[in-house]
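Please consult the sequence and structure shown here while reading.

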Amino acid sequence: MKTLLVCLDFSDNTDRLLAEAKVFADGICERIVLLHVVQPGPDFTGYETGLEYSCGKTHETITLRCDQVKTLAKKWEAALGDMEVTALAVQGNPTQEILQQAETLDATHILMGTHGHGKLFHLLMGSTAQAVLQQSLIPVVFVPVGDPAA
């Protein structure tokens, strides 16, 4: 079964990414998996915030994102009709989780947005999209999620 893994970060451009995923998947894929990766909290949060606060916020974020991904998947499956759409929210390093889920799901393509950060940002911080592209064994399709009119 040809599977398109769509990586969501719930930025302002999620709708554009999803629209492009529909166009890309039509006639090519039989299944779409919507993936959101929640980064784990810091190992040490400081004495002021407390571990309970940090863990509670991480759990709330995972639960919220999981619900959002499930809602999108149901909406898409109803709209697409003959294509299976599933939701997946996991916690971990985004690059590692995207690559691991692609392998586990036997995905044929990965689709993700790019934010168009500058060279200095990439030099200092790196880019999940760049790392996925460098390490992926399957085709990676990027959707520039900046303003298309700009």
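## Basis and overall fold

Helices (H or I, at least four residues) and strands (E, at least two) are DSSP runs, numbered from the N terminus. The model is predicted, so local features need pLDDT of at least 70 and side-chain atom pairs count only at pLDDT 80 or more, while totals for chains, interfaces and linings use all residues. Residues are numbered from 1 along each chain as its sequence is written, and side-chain values use heavy atoms, with hydrogens and water left out.

The protein chain contains five helices and five strands, in the order β-α-β-α-β-α-β-α-α-β from the N terminus. Of its 150 residues, 37% count as buried (under 20% relative accessible area; exposed means over 50% and partly exposed in between, with a 1.4 Å probe and protein chains only). Contact means heavy atoms within 4.5 Å. Among contacts with a separation of 6 or more, 78% join residues 24 or more positions apart.

## The second largest pocket

A pocket is an open set of points on a 1 Å grid over the protein atoms alone, where a 1.4 Å probe fits, with protein on both sides within 12 Å along at least five of seven lines; lining residues have an atom within 4 Å of a point. The second largest pocket has a volume of about 160 Å³, the volume being the space filled by probe spheres set on the points, which are joined across faces, edges and corners.

Its lining consists of Leu 99, Ala 102, Glu 103, Asp 106, Ala 107, Gln 135, Ser 136, Leu 137 and Ile 138. Helix α3 (residues 94-104) supplies the largest share, three residues. By type, the lining divides into five nonpolar, two polar and two charged residues (Ala, Val, Leu, Ile, Met, Phe, Trp, Tyr, Cys and Pro count as nonpolar, Asp, Glu, Lys and Arg as charged, and the others, Gly among them, as polar).

Glu 103 is placed in helix α3 and counts as exposed because its relative accessibility is 62%.

Asp 106 lies in the loop between α3 and β4 (109-114). Asp 106 has a phi near 55°, a positive value in a residue other than glycine, and its relative accessibility of 57% is why it counts as exposed.

## A buried glutamate

Glu 97 is also found in helix α3. Glu 97 is buried yet has no salt bridge (a side-chain nitrogen of Lys or Arg within 4 Å of a carboxyl oxygen of Asp or Glu). The nearest side chain of opposite charge, Arg 31, is 15 Å away; Lys and Arg count as positive and Asp and Glu as negative, with His and the chain ends not counted. Leaving aside neighbours within four places in sequence, Glu 97 is in contact with Leu 35, Val 37, Val 90, Gln 91 and Gly 92.
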